[in-house]
Number of protein chains: 2
Amino acid sequence: MILTVTLNAALDVTYEVDALVPHGSHRVREACARAGGKGINVARVLSALGVPAVVTGLAGGTTGRAIRDDLRAAQLPDELVPMAGDSRRTVTIVSRDDGDATVFNESGPHVDMASWADFAARFAALVRDAQVVVLSGSLPPGLPSDAYGRLIRLSAEAGAHTILDTSGPALLAALDACPTVIKPNAAEITEVTGHDDVEAAAGSLRALGARSVVASRGPEGLYAVTPEGSWHATPPRLLAGNPTGAGDACVAAIAAGLLAGDPWPTVLREAVALSAAAVPCPLAGDFDAALYQQLRTTVPVERTHAPVSH
Amino acid sequence: MILTVTLNAALDVTYEVDALVPHGSHRVREACARAGGKGINVARVLSALGVPAVVTGLAGGTTGRAIRDDLRAAQLPDELVPMAGDSRRTVTIVSRDDGDATVFNESGPHVDMASWADFAARFAALVRDAQVVVLSGSLPPGLPSDAYGRLIRLSAEAGAHTILDTSGPALLAALDACPTVIKPNAAEITEVTGHDDVEAAAGSLRALGARSVVASRGPEGLYAVTPEGSWHATPPRLLAGNPTGAGDACVAAIAAGLLAGDPWPTVLREAVALSAAAVPCPLAGDFDAALYQQLRTTVPVERTHAPVSH
């Protein structure tokens with residue numbers, strides 16, 4: 001099974017308004033709330049694909065209860081660990097006039113060391129049954145910056161692959177634990193490496209420990225540098241919409257591919273198709289199943305370089 | 001004492017962001033939450049002025065509990081009545097770059113008839129100790145449009161003055177219960193009467209039953225049409241900021257004036273000064289005490305007409 005880790009789980013609230021008017025007062029036409037945070041979104045996509053996924057991470061307070069209630073409603077196996085403090089919310093404003101989304105992310109509560117120790121113990125038990133571990137999103141305040149590094153090492157000891165989707169210091173501090181795959185986007189890659197050039201940036205991230213780098217470049221698709229070679233996969237047409245959902249769907253496809261042992265061209269084709277099928281959906285974790293089926297056979301994947309050993 | 005009624009009480013959440021970028025993703029730098037809804041804001045202003053105020057209305061669910069916890073922390077007497085369903089939230093985005101606020105208002109849960117009956121019974125008991133009743137804000141879904149009318153009649157039977165600050169059908173349906181004062185703003189007055197001209201609009205609202213009309217015209221100040229005469233009170237200088245807070249401070253001043261039996265020119269001077277002192281505060285219910293003290297002696301109040309009997 002695939003274990004997804006969401007250390008900064010959230011209740012994702014979506015407000016539909018007629019139009020977003022800065023400095024205006026808006027009547028919320030429709031409000032909905034569901035469990036979120038990138039790892040939970042990944043589990044939701046996997047579950048819709050029929051791939052077994054288990055959710056873990058930290059959740060607390062009344063917002064934590066609402067997150068867990070929603071996981072139960074969505075039939076996602078819930079192995080979240082309770083923490084002191086109230087889990088964060090995110091608020092996404094969707095304008096009915098243009099369908100576009102404006103997102104506000106709370107940073108989340110400060111995690112106490114006792115909750116982190118509880119989590120580490122639970123993770124060590126869960127990872128024994130996992131073939132792939134997905135570590136997604138920001139670290140909540142209070143956790144050590146090498147938190148992901150520790151979880152990657154525990155996963156490797158248990159024989160599980162790891163996919164890390166985070167940014168900044170949390171990403172940098174985890175590289176020497178040698179995650180199987182990291183999935184930075186173009187902005188994250190530039191922030192962390194200082195390179196604008198994806199190829200050079202991927203090279204320096206691999207030199208720091210990442211086994212494979214799958215860089216997402218929005219509408220330009222995915223650029224993968226792996227021990228087996230480098231590839232570029234392009235979505236067949238431009239789609240506008242939800243970039244958070246697209247990133248999480250991409251990670252879900254990579255996780256499913258690692259679980260199945262698929263070759264990289266297949267993994268990348270699936271990842272581009274699933275990302276593109278998530279873009280039109282306003283809620284992260286959803287995708288358009290018909291669009292996915294249509295795209296997964298048509299995404300071009302091009303080999304860009306000879307295999308690079310690492 | 002002054003009894004303030006908030007039938008659609010809310011947890012007012014404020015998010016500070018660096019700058020509001022439509023269609024962007026924002027990190028919330030500071031998040032705070034407190035009990036809100038216009039009647040609660042009015043009680044908060046009254047309490048800061050040292051005027052005894054009691055809060056009633058409807059609140060339910062985990063958000064209702066958060067509202068009540070905050071009333072306790074603010075030492076505001078809490079006579080809210082529990083209801084089925086979770087109370088609403090509002091989210092205000094404050095941009096640090098320009099200090100301006102963008103507001104999103106949830107509509108609130110559908111109120112069941114049993115909760116409304118419980119509230120009416122509690123209100124009938126509370127109003128016996130009230131000299132002034134403030135009825136503020138929208139009606140939650142499920143309540144009859146004449147809900148405010150019924151509460152105004154109960155208040156009048158108990159010998160209490162009433163101040164109604166609402167809009168649309170809830171305002172129109174309450175007029176024949178003869179509220180002591182209504183406080184529409186320019187947009188609300190035009191919506192309800194079809195008149196752009198405040199004097200004509202006030203006349204038609206009084207013909208429908210309102211004893212006095214205090215129309216707020218933003219930076220132009222207040223225009224009052226009462227059985228004792230008509231006045232225009234102007235803020236001494238333009239201030240930019242929070243219009244919700246200004247309206248609630250204005251109602252608080254009118255309520256305090258009715259309680260004290262002050263003449264209209266005094267009431268209006270206080271109302272303009274307190275509104276203007278609330279405008280620079282990002283949270284409704286707060287005001288700048290030094291600015292209020294400075295303004296309350298300098299607001300010009302000008303008589304515009306001879307007394308009109310009604």
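Let's start with Thr190(B), which is partly exposed because 15 other C-beta atoms lie within 10 Å; buried would take 20 or more, exposed 12 or fewer, and partly exposed is in between, with C-beta atoms placed from the backbone. Thr190(B) sits in helix H6 (residues 186-193) of chain B, where helices are DSSP runs of H or I with at least four residues, strands are E runs of at least two, and both are numbered from the N terminus. Leaving aside neighbours within four places in sequence, Thr190(B) is in contact with His195(B) and Asp196(B), contact being C-beta atoms, placed from the backbone, within 7 Å. The C-alpha atom of Thr190(B) is 26 Å from that of Ala277(B), 87 residues apart along the chain.

A quick word on conventions: this is a predicted model, so local features need pLDDT of at least 70 and side-chain atom pairs count only at pLDDT 80 or more, while totals for chains, interfaces and linings use all residues. Residues are numbered from 1 along each chain as its sequence is written, and chains are lettered from A and ligands numbered from 1 in the order in which they are written.

Now over to chain A and helix H7 (residues 198-207), where Val198(A), Ala201(A), Ala202(A), Leu205(A) and Arg206(A) are buried. They are on the same side of H7(A), because they cover an arc of only 135 degrees around the axis, taken from the directions from the helix axis to the C-beta atoms. Their cover includes helix H6 (186-193) and strand E12 (212-216) of chain A. After H7(A) comes Gly209(A), with a positive phi near 140 degrees.

Next, a helix pair. H8 (residues 243-260) and H9 (residues 264-278) of chain A pack at about 150 degrees, with axes 8 Å apart; the axes are lines fitted to C-alpha atoms over the stretch in contact, and angles run from 0 to 180 degrees between N-to-C directions. That angle makes H8(A) roughly antiparallel to H9(A), the word used for angles over 145 degrees. Residues making the contact include Ala249(A) and Ala253(A) of H8(A) and Leu274(A) of H9(A).

Last stop, the two chains together. How many residues of chain B are in contact with chain A? There are 22, facing 22 residues of chain A. The largest share of that side of chain B, five residues, comes from strand E8(B).

Methods
Contact = placed C-beta atoms within 7 Å. Parallel < 35°, antiparallel > 145°, perpendicular 65-115°, else oblique.
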